[in-house]
Structures are given as C-alpha cells and as structure tokens.
Amino acid sequence: MITKELKKKNYIRFLQLEYYDAKSHYFLVLVFLLEIELIKIFVSSEDKQLREIKYQWLIEELDHNHSKYFITNALQNYKKKFSREIIDYINAFKEIENNERRAFEIETFKKITQKLNALIHITKLPIKFSSNFLFCYFYFLYNVRDKSFIKKKILDKHFKKYINNEIDDLEITFIRIFRKKYKFEINKLSFFYLLLKRKLFKS
C-alpha cells in the first residue's frame with residue numbers, strides 16, 4: 001500500500017526502487033516519501049525562515065512518541081536506530097537556496113545526497129545515489145511551480161562535469177532525457193525504451 005502511495009506521488013523514485021528490486025523495503029519507501037514532504041516545504045514558500053520553521057516542525061514531530069502526521073509517525077519504529085541520520089537529512093534541505101541568478105548550488109545537493117546515502121548505507125542495501133541526479137531532479141520538480149526558473153546555461157555547464165560511470169543506468173537515462181530538451185514532462189514509454197536500450201548496449 002505504501003509503495004503504491006510512492007508510485008502515485010513520485011514515479012521516478014518508484015522506478016528506482018523497482019530498478020534496485022527494493023520495492024518491499026519499507027524504510028527506504030518512507031525515506032522517499034519524506035523527501036517528497038521536504039521538497040514540498042521548499043516549493044511552498046520563498047521565505048527561508050518560514051521554510052526552516054516547517055523543517056524544524058518535522059524534526060519535533062519525529063521526536064514525539066506518537067505523531068498525528070503520517071510520515072513522522074511511520075518513522076517512529078526506526079527512530080532509535082536512525083534518528084540522528086534522519087534529522088541530518090532533514091537539516092540538509094534547509095541549506096537549499098537560490099543565488100542572485102536564481103540558480104541552485106550543486107554543493108548543497110552533494111550534501112543532501114551524502115545524508116541520503118548515509119541512511120541507505122545503514123540499511124545494508126547496495127544502493128548509492130548521485131548528487132548529479134538530485135540536482136537535475138530538483139530542477140525538474142521546481143519548474144512545475146515556476147516555468148521561468150530553468151537556466152539552460154547553468155545546467156549545461158554542470159552536466160559537462162559529471163562522469164557517466166558514477167551514475168547508474170536509471171539516473172543517467174533520466175538526465176539524458178531531461179538534458180535533451182529541458183522539458184518537464186517525461187514520457188514513461190520513452191523512458192523505459194531508452195533505459196532498456198542502454199542496458200542492452202552495455203551487455
């Protein structure tokens with residue numbers, strides 16, 4: 001049931017779980033659902049202080065033994081083992097800002113990805129995500145709110161730096177589709193076709 005919720009709210013993250021055969025890993029699904037809430041907080045307001053209050057509220061809800069909020073209540077079972085790591089992950093989102101060119105800084109996404117991968121590492125799952133993907137993915141999500149936000153020059157400059165063998169097939173497929181036209185609607189059939197083509201090409 002919870003995996004279906006992720007599929008409905010975030011199809012790309014659902015595909016990643018399928019790709020890694022981790023759909024049944026309840027904690028990782030919860031982490032991705034938490035990510036959705038953290039991103040929603042960012043896009044909900046331009047006011048950094050207001051966003052920080054909302055992030056802190058999530059942390060305080062996590063501290064409660066019983067929360068009325070679904071995601072923090074569901075994470076209660078993992079609080080003893082992963083409390084510090086979950087809080088570090090939430091706090092990392094506080095650092096996302098727009099600079100004077102209305103662009104995001106890649107260093108922030110490196111930190112968020114490090115915190116995410118630290119959570120995954122504790123679960124013993126053989127998964128490691130890329131900050132390049134998260135950087136691109138955040139632009140993809142944020143543009144839903146502000147169509148004028150995308151800066152093609154900034155993304156082009158960044159994408160020249162990434163190394164293909166540091167990113168898994170699913171992430172690189174997403175980035176290539178996105179980079180080709182910088183459109184914010186990714187056709188699922190095209191996505192699967194290009195993913196399969198890449199896997200066959202490598203085999």
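Is glutamate 95 buried, partly exposed or exposed, and what is its relative accessibility? Glutamate 95 comes out at 36% relative accessibility, so it counts as partly exposed. Keep in mind as you go through these close-ups that the model is predicted.

**View 1. Lysine 111 and glutamate 95 meet in a salt bridge.** Look for the side-chain N and O atoms, which sit 2.6 Å from each other here. This pair links distant parts of the chain: lysine 111 belongs to helix 7, while glutamate 95 is in the loop between helix 6 and helix 7, and 16 residues separate them. Lysine 111 has a relative accessibility of 32%, so it counts as partly exposed.

**View 2. Lysine 110 pairs up with glutamate 107 in a salt bridge.** The closest N and O atoms are 3.2 Å apart. Both residues lie in helix 7, and they are three residues apart, which is about one turn of the helix.

**View 3. Lysine 23 holds on to glutamate 18 through a salt bridge.** This time the closest N and O atoms are 3.4 Å apart. Lysine 23 has a relative accessible area of 35%, so it is partly exposed. Glutamate 18 is partly exposed too, with a relative accessibility of 38%.

**View 4. Lysine 94 is buried and has no salt bridge.** You'll find lysine 94 in the loop between helix 6 (79–93) and helix 7 (106–122). Which side chain of opposite charge is nearest to lysine 94? That would be glutamate 52, at 5.9 Å. Lysine 94 does have a polar contact, though: its side chain is joined to that of asparagine 91 at 2.9 Å. Setting aside neighbours within four places in sequence, lysine 94 is also in contact with Lys48, Glu52, Tyr55, Gln56 and Ile59.

**View 5. Stepping back to the salt bridges as a set.** How many salt bridges does the structure hold? There are nine, and one of them is the link between lysine 111 and glutamate 95 from View 1.

Terms used: Residues are numbered from 1 along each chain as its sequence is written. This is a predicted model: local features need pLDDT of at least 70, side-chain atom pairs count only at pLDDT 80 or more; totals for chains, interfaces and linings use all residues. Side-chain values use heavy atoms; hydrogens and water are left out. Helices (H or I, at least four residues) and strands (E, at least two) are DSSP runs, numbered from the N terminus. Buried means under 20% relative accessible area, exposed over 50%, partly exposed in between (1.4 Å probe, protein chains only). Lys and Arg count as positive and Asp and Glu as negative; His and the chain ends are not counted. A salt bridge is a side-chain nitrogen of Lys or Arg within 4 Å of a carboxyl oxygen of Asp or Glu. A polar contact is a pair of N or O atoms within 3.5 Å; within protein, one must be able to donate a hydrogen and the other to accept it, and residues adjacent in sequence count only if both atoms are side-chain atoms. Contact means heavy atoms within 4.5 Å.
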